[in-house]
Amino acid sequence: MTDIATLSVPSTDLIGPGRLVLVVGPSGAGKDTLIGLAQAACAGDIKVVFPQRIVTREASSFENNEAVSPMQFGQMLAHGDFAFQWEAHGLRYGVPRSIVDDIRTGHAVVVNASRTIVEFARRSYANVTVVSVTAPPEVLAQRLAARARSSDGQLDERLRRAVIAAVPDVVIENIGRAEDHAAELLQVIGRH
(Lines give C-alpha, C1' and ligand atoms only; values in the text may rest on other atoms or scores of the structure.)
Protein backbone atom coordinates (compact mmCIF):
# COMPACT_ATOMS: atom_id res chain seq x y z
CA MET A 1 0.00 0.00 0.00
CA THR A 2 1.20 3.49 -0.79
CA ASP A 3 0.72 6.27 1.70
CA ILE A 4 -0.57 9.59 0.46
CA ALA A 5 0.39 12.85 2.13
CA THR A 6 -0.58 16.44 1.47
CA LEU A 7 -0.11 19.78 3.15
CA SER A 8 -2.73 22.48 3.41
CA VAL A 9 -0.32 25.31 4.21
CA PRO A 10 1.34 27.44 1.52
CA SER A 11 4.97 26.48 0.92
CA THR A 12 6.22 29.85 -0.37
CA ASP A 13 7.19 31.12 3.11
CA LEU A 14 8.53 28.69 5.66
CA ILE A 15 6.46 28.62 8.83
CA GLY A 16 8.41 29.46 11.97
CA PRO A 17 10.06 30.37 14.27
CA GLY A 18 8.76 27.49 16.43
CA ARG A 19 9.67 23.88 15.86
CA LEU A 20 7.76 20.93 14.44
CA VAL A 21 8.91 17.66 16.01
CA LEU A 22 7.74 14.74 13.89
CA VAL A 23 7.83 11.40 15.70
CA VAL A 24 7.86 8.70 13.05
CA GLY A 25 8.48 4.96 12.89
CA PRO A 26 6.90 1.60 12.28
CA SER A 27 3.71 0.38 13.92
CA GLY A 28 4.46 -1.01 17.35
CA ALA A 29 7.62 1.02 17.90
CA GLY A 30 6.05 2.83 20.86
CA LYS A 31 5.70 6.32 19.41
CA ASP A 32 2.46 7.09 21.27
CA THR A 33 3.85 5.72 24.53
CA LEU A 34 6.90 8.00 24.36
CA ILE A 35 4.81 10.98 23.27
CA GLY A 36 2.36 10.37 26.13
CA LEU A 37 5.18 10.27 28.68
CA ALA A 38 6.73 13.42 27.21
CA GLN A 39 3.35 15.16 27.27
CA ALA A 40 2.92 14.31 30.95
CA ALA A 41 6.40 15.69 31.68
CA CYS A 42 5.53 18.91 29.81
CA ALA A 43 2.17 19.42 31.54
CA GLY A 44 1.70 23.10 32.22
CA ASP A 45 4.38 24.19 29.73
CA ILE A 46 2.48 26.27 27.17
CA LYS A 47 5.54 26.39 24.90
CA VAL A 48 5.18 22.68 24.04
CA VAL A 49 2.06 21.55 22.18
CA PHE A 50 0.87 17.98 21.64
CA PRO A 51 -2.03 18.32 19.17
CA GLN A 52 -4.70 15.67 18.94
CA ARG A 53 -4.67 13.97 15.53
CA ILE A 54 -7.91 13.43 13.65
CA VAL A 55 -8.24 9.79 12.48
CA THR A 56 -10.88 7.80 10.63
CA ARG A 57 -10.84 4.90 13.08
CA GLU A 58 -12.26 4.24 16.52
CA ALA A 59 -10.69 6.07 19.44
CA SER A 60 -7.96 4.24 21.31
CA SER A 61 -6.55 4.62 24.80
CA PHE A 62 -3.10 4.17 23.25
CA GLU A 63 -3.25 7.27 21.04
CA ASN A 64 -4.04 10.97 21.30
CA ASN A 65 -6.62 10.87 18.49
CA GLU A 66 -10.06 12.22 17.77
CA ALA A 67 -12.09 9.66 15.83
CA VAL A 68 -14.20 10.91 12.92
CA SER A 69 -16.02 9.23 10.08
CA PRO A 70 -14.51 9.30 6.59
CA MET A 71 -17.26 11.74 5.58
CA GLN A 72 -16.44 14.09 8.48
CA PHE A 73 -12.75 13.86 7.60
CA GLY A 74 -13.51 14.81 3.99
CA GLN A 75 -15.56 17.78 5.14
CA MET A 76 -12.75 18.92 7.44
CA LEU A 77 -10.24 18.57 4.61
CA ALA A 78 -12.50 20.59 2.29
CA HIS A 79 -12.71 23.34 4.94
CA GLY A 80 -8.91 23.51 5.25
CA ASP A 81 -8.94 22.27 8.85
CA PHE A 82 -5.62 20.39 8.57
CA ALA A 83 -2.03 21.61 8.53
CA PHE A 84 -1.27 18.32 6.80
CA GLN A 85 -2.89 14.95 6.32
CA TRP A 86 -2.04 11.48 5.04
CA GLU A 87 -3.55 8.12 4.32
CA ALA A 88 -2.17 4.81 5.57
CA HIS A 89 -3.61 1.32 5.97
CA GLY A 90 -6.92 2.49 4.55
CA LEU A 91 -7.27 5.16 7.25
CA ARG A 92 -6.92 8.92 7.03
CA TYR A 93 -4.96 11.02 9.51
CA GLY A 94 -4.92 14.78 9.90
CA VAL A 95 -3.10 17.27 12.11
CA PRO A 96 -5.13 20.36 13.05
CA ARG A 97 -4.30 23.58 11.26
CA SER A 98 -4.00 25.27 14.67
CA ILE A 99 -0.39 24.02 14.85
CA VAL A 100 0.53 26.66 12.27
CA ASP A 101 -0.34 29.40 14.77
CA ASP A 102 1.46 27.51 17.55
CA ILE A 103 4.63 27.32 15.48
CA ARG A 104 4.35 30.94 14.38
CA THR A 105 4.25 31.98 18.05
CA GLY A 106 7.45 30.06 18.77
CA HIS A 107 6.08 26.90 20.33
CA ALA A 108 7.39 23.37 19.82
CA VAL A 109 4.72 21.09 18.33
CA VAL A 110 5.17 17.33 18.81
CA VAL A 111 3.23 15.04 16.45
CA ASN A 112 3.09 11.31 15.76
CA ALA A 113 3.18 11.42 11.97
CA SER A 114 3.76 9.32 8.89
CA ARG A 115 7.25 9.16 7.46
CA THR A 116 5.66 10.13 4.14
CA ILE A 117 4.98 13.71 5.24
CA VAL A 118 8.56 14.53 6.28
CA GLU A 119 9.62 15.91 2.90
CA PHE A 120 6.49 18.06 2.67
CA ALA A 121 6.95 19.32 6.23
CA ARG A 122 10.57 20.26 5.61
CA ARG A 123 9.48 22.32 2.60
CA SER A 124 6.82 24.15 4.62
CA TYR A 125 8.20 24.63 8.15
CA ALA A 126 11.41 26.46 9.04
CA ASN A 127 12.42 24.21 11.91
CA VAL A 128 11.58 20.50 11.59
CA THR A 129 13.15 17.77 13.70
CA VAL A 130 12.43 14.17 12.74
CA VAL A 131 12.64 11.60 15.53
CA SER A 132 12.55 8.00 14.35
CA VAL A 133 11.36 5.59 17.03
CA THR A 134 12.18 1.98 16.23
CA ALA A 135 12.61 -1.48 17.69
CA PRO A 136 13.69 -4.88 16.34
CA PRO A 137 11.12 -6.74 14.19
CA GLU A 138 10.39 -9.36 16.86
CA VAL A 139 9.62 -6.61 19.41
CA LEU A 140 7.36 -4.82 16.92
CA ALA A 141 5.51 -8.09 16.27
CA GLN A 142 5.02 -8.73 19.99
CA ARG A 143 3.73 -5.20 20.60
CA LEU A 144 1.31 -5.28 17.68
CA ALA A 145 -0.01 -8.69 18.71
CA ALA A 146 -0.48 -7.49 22.31
CA ARG A 147 -2.30 -4.39 21.11
CA ALA A 148 -4.79 -6.58 19.18
CA ARG A 149 -6.49 -3.62 17.53
CA SER A 150 -8.77 -4.73 14.69
CA SER A 151 -7.98 -1.64 12.62
CA ASP A 152 -4.30 -2.65 12.53
CA GLY A 153 -5.17 -5.22 9.86
CA GLN A 154 -2.98 -8.21 9.14
CA LEU A 155 0.06 -8.32 11.40
CA ASP A 156 2.37 -9.76 8.73
CA GLU A 157 1.31 -7.11 6.23
CA ARG A 158 1.86 -4.34 8.77
CA LEU A 159 5.36 -5.58 9.57
CA ARG A 160 6.35 -6.01 5.89
CA ARG A 161 5.11 -2.57 4.92
CA ALA A 162 7.79 -0.62 3.15
CA VAL A 163 7.75 3.15 3.35
CA ILE A 164 10.25 5.44 1.74
CA ALA A 165 12.29 6.36 4.76
CA ALA A 166 13.03 9.97 5.44
CA VAL A 167 16.40 10.62 7.00
CA PRO A 168 15.76 11.23 10.71
CA ASP A 169 17.60 13.78 12.81
CA VAL A 170 17.42 11.52 15.88
CA VAL A 171 16.87 7.77 16.27
CA ILE A 172 15.44 6.30 19.48
CA GLU A 173 15.80 2.53 19.77
CA ASN A 174 12.78 1.92 22.01
CA ILE A 175 13.81 -1.21 23.91
CA GLY A 176 13.76 -1.35 27.68
CA ARG A 177 12.26 1.27 29.98
CA ALA A 178 9.95 3.63 28.09
CA GLU A 179 10.71 6.37 30.64
CA ASP A 180 14.38 6.36 29.57
CA HIS A 181 13.44 6.78 25.91
CA ALA A 182 10.84 9.43 26.74
CA ALA A 183 13.72 11.35 28.36
CA GLU A 184 15.52 11.16 25.00
CA LEU A 185 12.45 12.61 23.30
CA LEU A 186 12.26 15.37 25.93
CA GLN A 187 15.86 16.31 25.13
CA VAL A 188 14.92 16.69 21.48
CA ILE A 189 11.90 18.81 22.41
CA GLY A 190 14.19 20.98 24.52
CA ARG A 191 12.98 19.85 27.94
CA HIS A 192 15.81 18.27 29.92
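Mentor: Let us start with the contacts. Residues 24 or more positions apart make up 72% of the protein's contacts with a separation of 6 or more. Please keep in mind that this is a predicted model.

Trainee: How many helices and strands are there in the protein?

Mentor: The protein has seven helices and ten strands.

Trainee: And what percentage of the residues count as buried?

Mentor: Of the protein's 192 residues, 48% count as buried.

Trainee: Moving inside, which residues touch the most other members of the largest nonpolar core?

Mentor: That core has 25 residues, and those touching the most other members are L20, L22, F84, W86, I99 and Y125.

Trainee: Which elements each supply at least two residues of this core?

Mentor: The strands are β2 (19–24), β6 (82–88), β7 (91–96), β8 (108–112) and β9 (128–134). The helices α3 (98–104) and α4 (118–124) also supply at least two residues each. The largest share, four residues, comes from β6.

Trainee: What does the second core include?

Mentor: The second core is separate and has 23 residues, among them A38, C42, F50 and L186.

Trainee: On to the aromatic residues. How many aromatic pairs does a search of the whole structure find?

Mentor: The search finds four aromatic pairs. In one of them, F84 and W86, the ring centres are 6.2 Å apart and the planes meet at 25°, under the 30 degrees limit, so this pair is stacked.

Trainee: Is F84 buried or exposed?

Mentor: F84 is buried, because its relative accessibility is 0% and the limit for buried is under 20%. W86 is buried as well, with a relative accessible area of 3%.

Trainee: With which residue does W86 form an aromatic pair at 5.4 Å centre to centre?

Mentor: That partner is Y93, and the pair is stacked, with 5° between the planes. Y93 has a relative accessible area of 5%, so Y93 also counts as buried.

Trainee: Which residues form the aromatic cluster?

Mentor: F84, W86, Y93 and Y125 form one aromatic cluster.

Notes:
Residues are numbered from 1 along each chain as its sequence is written. This is a predicted model: local features need pLDDT of at least 70, side-chain atom pairs count only at pLDDT 80 or more; totals for chains, interfaces and linings use all residues. Side-chain values use heavy atoms; hydrogens and water are left out. Rings of Phe, Tyr and Trp (its six-membered ring) pair if their centres lie within 6.5 Å; planes under 30 degrees apart count as stacked, over 60 as edge-to-face and the rest as tilted. Buried means under 20% relative accessible area, exposed over 50%, partly exposed in between (1.4 Å probe, protein chains only). A nonpolar core is a set of buried Ala, Val, Leu, Ile, Met, Phe, Trp, Tyr and Cys residues joined through side-chain atoms within 4.5 Å. Contact means heavy atoms within 4.5 Å.
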